[in-house]
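Subject: Structure for you to look at

Hello,

Here is the structure for you to open. Please keep it in view while you read the notes below.

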Amino acid sequence: QAQVVESGGGLVQAGESLTLSCTISGMAFDDYAMAWFRQAPGKEREGVACISNNIYSERYTKAVVGRFRISRDNAKNTLYLRLNSLKVEDTARYFCAMSMYGSCGVDWTPESDFPYWGQGTQVTVSS
């Protein structure tokens, strides 16, 4: 049974760091690009970061570049997102998704390109 499960969210103060994890089962994890999306209350869901099926291709939205780092451990079927220097505006529910493609192009963000999604994990940043 295919399953995508996020974990690691929580309540932190601005300036602190957090690591999110996403475990995949029932799918060929190492063949596909993976991404993190996020959605804040009252806002549309947006792409945060994407990583190809190897560790050398990464994409980030401008709001997080230099602060967040996406990574993956194919041996563990796990995707990570390291959120550094957190800001209040980073508060959102973060979702893990698997792409139908093997790499992340410049236009990687269409949600229709991601057939598998997790339920999300909440990150709340206080001032």
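Strands, labelled E, are DSSP runs of at least two residues, numbered from the N terminus.

The model is a predicted one: local features need pLDDT of at least 70, side-chain atom pairs count only at pLDDT 80 or more, and totals for chains, interfaces and linings use all residues. Residues are numbered from 1 along each chain as its sequence is written, and side-chain values use heavy atoms, without hydrogens and water.

Two strands pair if DSSP finds at least two bridges between them. E4 pairs with E5 in the antiparallel sense over five bridges, and Arg38 has Glu46 in E5 as its bridge partner. Six residues lie between the strands of this hairpin, and Gly42 takes a positive phi near 80° there. E4 also pairs with E9, again antiparallel, over six bridges; here Gln39 is bridged to Arg93.

**The cores**

A nonpolar core is a set of buried Ala, Val, Leu, Ile, Met, Phe, Trp, Tyr and Cys residues joined through side-chain atoms within 4.5 Å. Which residues touch the most other members of the largest core? They are Ile24, Trp36, Leu79, Leu81 and Tyr94, out of 27 residues. Strands that each supply at least two residues of this core include E3 (18-25), E4 (34-39) and E9 (92-98). Apart from it lies another core of nine residues, among them Phe37 and Cys104.

**Aromatic rings**

Rings of Phe, Tyr and Trp (its six-membered ring) pair if their centres lie within 6.5 Å; planes under 30 degrees apart count as stacked, over 60 as edge-to-face and the rest as tilted. The whole structure holds five aromatic pairs. In one of them, the centres of Phe37 and Trp117 are 4.7 Å apart and the planes are at 45°, so the pair is tilted. Phe37 is in E4 and Trp117 in strand E10 (residues 116-117), 80 residues apart. Phe37 is buried at 1% relative accessibility, whereas Trp117 is partly exposed at 24%. Together with Trp108 and Phe114, these two form one aromatic cluster.

Arg45 lies over the face of Trp117, 4.2 Å from the ring centre. A charge sits over a ring if NZ of Lys or CZ of Arg is within 6 Å of the ring centre and within 35 degrees of the ring normal.

Regards

Methods:
Buried < 20%, exposed > 50% of the residue type's maximum accessible area, 1.4 Å probe, protein only. Helix = DSSP H or I, 4+ residues; strand = E, 2+ residues; numbered from the N terminus.
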